[in-house]
Amino acid sequence: MDQIAEEIKAEAAVVEDSIQKLLDKSESSSMIVPVIVTILLILFGAFLMRRNSLFTSNKRCFIICGIQGSGKTNLYHLLTKGELPKLTVTSFEPSTGDLRLSDDYMEKKTFQDIQIIDFPANEKLKNLYLFPFFKERIHELRGIIYMIDSSNFDAATCHKVAKDILEILNITEARPNGIDMLIFANKNDLFTSMKSTKIKELLEAEIGKIHELNARGISKVSNSVLNGAGDEDDKDDNADNLDLAIKNGKFQFQLLESNVDFGEGNIFKNKWDQINDWLLEKIVN
């Protein structure tokens with residue numbers, strides 16, 4: 001809650017600064033200024049209400065995340081509306097909707113309280129929404145679907161995805177039994193695509209490298225704290241919960257507290273049965 005409060009204060013400061021600038025520039029426009037101020041306050045209030053709704057729900061939820069262009073938003077529409085969107089645009093805030101299944105499932109109480117949340121891929125927006133969400137609603141989280149474009153999975157993309165997944169695992173693995181994750185290799189039927197087994201192998205190697213670098217960083221921070229330099233909070237920020245997933249110096253998904261599954265298909269060609277099966281398994285169990 002402290003982090004959210006600080007972010008709200010920061011947003012309020014921005015609005016206040018904008019209002020002051022308008023006042024300074026519009027001393028002669030006494031009628032226009034109140035109208036502009038009112039509009040700004042309404043917009044800011046709407047933002048706070050939208051953000052607050054993200055952290056207040058009694059529903060069990062699954063989240064969709066991943067890097068840009070992976071098909072996240074399209075999957076969200078399939079799961080909540082039953083069809084692909086006619087047009088997709090970059091989202092700047094999370095999209096939230098109820099899971100839409102066939103009537104056979106929706107008639108059962110087990111499936112009536114499931115929420116799907118699609119988080120933006122932008123790094124700054126991830127810090128604004130995704131990580132505070134983990135802090136506030138992780139007890140309601142039943143699983144994570146991480147989307148990858150397997151037709152464009154080069155070394156740079158592998159590093160970015162590995163870093164992203166590592167940040168998530170460092171949070172979820174701190175919880176007993178962790179949070180189960182499905183890493184879905186989308187567009188897997190294209191000529192340039194990479195098989196999910198190969199993607200898993202590359203990600204394990206890259207996560208292992210990043211983990212080792214992080215471990216060295218923790219050691220340096222710990223030494224500086226012991227010597228009176230640095231800040232204890234810096235040490236906490238660099239905490240790593242993946243030590244148990246390292247065997248013989250190599251990171252392995254199978255050693256995590258949570259279950260990390262890999263799937264492949266193409267949601268644009270209605271080849272995403274593995275996602276449906278995984279969701280149904282997690283909801284029932």
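The following legends describe close-up views of a predicted model.

Residues are numbered from 1 along each chain as its sequence is written, and side-chain values use heavy atoms, with hydrogens and water left out. Because the model is predicted, local features require pLDDT of at least 70 and side-chain atom pairs count only at pLDDT 80 or more, whereas totals for chains, interfaces and linings use all residues.

**View 1. Overall composition of the chain.** The chain contains nine helices and eight strands; helices (H or I, at least four residues) and strands (E, at least two) are DSSP runs, numbered from the N terminus. Of its 285 residues, 42% count as buried, where buried means under 20% relative accessible area, exposed over 50%, and partly exposed in between (1.4 Å probe, protein chains only). Among contacts (heavy atoms within 4.5 Å) between residues at least 6 apart in sequence, 75% join residues at least 24 apart.

**View 2. Packing of helices H5 and H6.** Two packed helices are described by the angle between their axes and the distance between the axes. The axes of H5 (residues 123-137) and H6 come within 11 Å and cross at roughly 20°, which makes H5 roughly parallel to H6. Axes are lines fitted to C-alpha atoms, for helices over the stretch in contact, with angles running from 0 to 180 degrees between N-to-C directions. Angles under 35 degrees count as roughly parallel, over 145 as roughly antiparallel, 65 to 115 as roughly perpendicular, and the rest as oblique. The crossing of H5 and H6 is right-handed: a crossing has this hand if the near helix is turned clockwise from the far one by less than a right angle, and is left-handed if anticlockwise. On the H5 side, Glu123, Lys126, Phe131 and Phe134 meet Asp164, Glu167, Ile168, Ile171 and Thr172 of H6. The residues of this contact divide into four nonpolar, one polar and four charged. In this scheme Ala, Val, Leu, Ile, Met, Phe, Trp, Tyr, Cys and Pro are nonpolar, Asp, Glu, Lys and Arg are charged, and the others, Gly among them, are polar.

View 3. The structure holds 13 salt bridges, each defined as a side-chain nitrogen of Lys or Arg within 4 Å of a carboxyl oxygen of Asp or Glu. In one of them, Lys126 pairs with Asp164, the closest N and O atoms being 2.5 Å apart. The pair links distant parts of the chain, with Lys126 in helix H5 and Asp164 in helix H6, 38 residues apart. Lys126 is buried at 5% relative accessibility, and Asp164 is buried at 9%.

View 4. Arg137 and Glu140 meet through their side chains in a salt bridge (2.7 Å, N to O); Arg137 and Glu140 are both buried. A further salt bridge joins Lys198 and Glu201 (3.5 Å, N to O). An α-helix has 3.6 residues a turn, so residues three or four places apart point the same way. Lys198 and Glu201 are three residues apart in helix H7, and are therefore separated by about one helical turn. Lys198 is partly exposed, with 36% relative accessibility, and Glu201 is partly exposed at 46%. Elsewhere, salt bridges that share partners join Glu123, Lys126, Lys163, Asp164 and Glu167 into one network.

View 5. H3 (residues 72-81) is mostly covered, eight of its ten residues being buried. These buried residues are Lys72, Asn74, Leu75, Tyr76, His77, Leu78, Leu79 and Thr80. Their cover includes strands S1 (60-66), S2 (95-98), S3 (114-118) and S4 (141-149), together with helix H9 (273-284). Gly82, whose phi is positive, near 80°, follows H3.

View 6. Ile144 is placed in strand S4 and is buried, with 0% relative accessibility. Leaving aside neighbours within four places in sequence, the contacts of Ile144 include Ile63, Cys65, Phe134, Ile168, Thr172 and Trp278. Ile144 and Ile183 are 39 residues apart in sequence and 8.3 Å apart in space, C-alpha to C-alpha.

View 7. Asn177 has a positive phi of about 70° although it is not a glycine. Asn177 is found in the loop between helix H6 (155-172) and strand S5 (181-186), and is exposed, with a relative accessible area of 55%. Lys187, also not a glycine, has a positive phi of about 60° and lies in the loop between S5 and helix H7 (196-226).
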